[in-house]
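Have the sequence and the 3D view open as you read.

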Amino acid sequence: MREISATEIFSAVVGLIQRANFILPDAVVKALKEAHEREASPTGQQTLSILLENVTVAAQEQLPLCQDTGTGIFLVELGQEVHITGGFLNDIIQEAVREAYRSFHLRKSIVNDPVFDRKNTGDNTPAMIHTEIVPGERLKILFAPKGGGCENMSGLWMLTPAEGLEGIRRKVLEFVEWAGPNPCPPIVVGIGIGGSFDQCALLAKKAALRPIGIRNPDPRYAQLEQELLDAVNRLGIGPMGYGGTTTALDVHIEFLPTHITQLPLAINIQCHSARYAEVVL
C-alpha cells in the first residue's frame, strides 16, 4: 500500500490548474501550426496566426489563454493500492481549485443553482470530478478548464441499431454544421459511442480530452475518426467560423459495449484552445 499525502495532491492540482490555463499542450500547438501551413483560405490562415500569437503571449505573460477559464473538469485514475492521507480526495481537489482560481486571478464562472437564484459561488467550485479505480499504486489526475462556448455545443442521442454507421456519420456532420462558429473552431470533436445513457456522455468528454494525433487503438474506429475529420473539414466553417479548410484539428472516438436494442451517441466539442494538463503521483 502506497501513501500519498493531501499536501502533495493539493500542490499538484494547483500546478495543473495554472499550467492548463496559461500553457497550451505541445500537441495542440503543433496541430495549430500545421493547420496554419495547409489552410487554403487567407482569412483562415490569418485567423490561425492570431490564435498562435495568443498562445505565445499567454505563456510568456502567464495570462489565461481564454477569458473563460471554464468549469473545472477532473478525470482521476486512483490506483487501488493507494492510500490518501490527511484528507478526502474530492475535498482536496475542490480546495485546490479555490486556491488556484483565487491566486492566479482566474475568472469564476460556476453558479450554485442552475435554475433559480444562479448565484456565483465565487471560487469556481464545485469542479466536476470523475474518478475511476484502477490497478496499481499511482494517482493520475487530468484537469481541463472547459469553456462554456464549446461545452454548450454538446449532444446525446439514443440512436437505434438500424441507424448504424451511416446514422452516426450523418448525426456528427449535422451537429458540427449546426454548431458552426459557436465552439470557436478549429475544434476537437469528441465522440462517445455505446455504453449507457450516462456513460456515453462521459466517453465523449474523454474523447475530446485525448491528445491530438492519438488514434483509437481499434483500426476500425481509427479509420472512422480520420474519415469524419476529413468530412468535417470539408464543411467550410473554418477557423473561428470565417471560412476555410480547417474546421477541426481532430476527431476522437471512444466506445463501450452496449445493449442489443441501443446505439447511444454523444458529442462533446473542444475549442481551439484545447486546454488540459495531467500529472501522475
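## What counts as a pocket

A pocket here is an open set of grid points with protein on both sides within 12 Å along at least five of seven lines, and its lining residues have an atom within 4 Å of a point. Keep in mind that this is a predicted model.

## The largest pocket

Start with the largest pocket, which has a volume of about 440 Å³. Its lining is made of 18 residues, and those nearest the centre are Leu 75, Glu 77, Lys 140, Leu 142 and Glu 278. Strands S2 (71-79), S4 (128-134), S5 (139-146) and S10 (277-280), along with helix H7 (197-208), each give two or more residues to this lining.

What sort of residues are they? Eight are nonpolar, eight are charged and two are polar.

## The second largest pocket

Next up is a pocket of about 320 Å³. It's lined by 24 residues, with Ile 73, Lys 146, Glu 151, Lys 205 and Asn 268 nearest its centre. Among the elements that give two or more residues here are S2, S4, helix H5 (148-151) and strand S9 (263-270). H7 gives the most, with four residues.

By class, this lining has 10 polar, nine nonpolar and five charged residues.

Helix H3 (residues 42-61) supplies the largest share, three residues. Five of the lining residues are nonpolar, three are polar and none are charged.

Conventions. Residues are numbered from 1 along each chain as its sequence is written. This is a predicted model: local features need pLDDT of at least 70, side-chain atom pairs count only at pLDDT 80 or more; totals for chains, interfaces and linings use all residues. Side-chain values use heavy atoms; hydrogens and water are left out. On a 1 Å grid over the protein atoms alone, a cavity is a set of points where a 1.4 Å probe fits but cannot get out, and a pocket is an open set with protein on both sides within 12 Å along at least five of seven lines; lining residues have an atom within 4 Å of a point. Grid points are joined across faces, edges and corners, and a volume is the space filled by probe spheres set on the points. Ala, Val, Leu, Ile, Met, Phe, Trp, Tyr, Cys and Pro count as nonpolar, Asp, Glu, Lys and Arg as charged, and the others, Gly among them, as polar.
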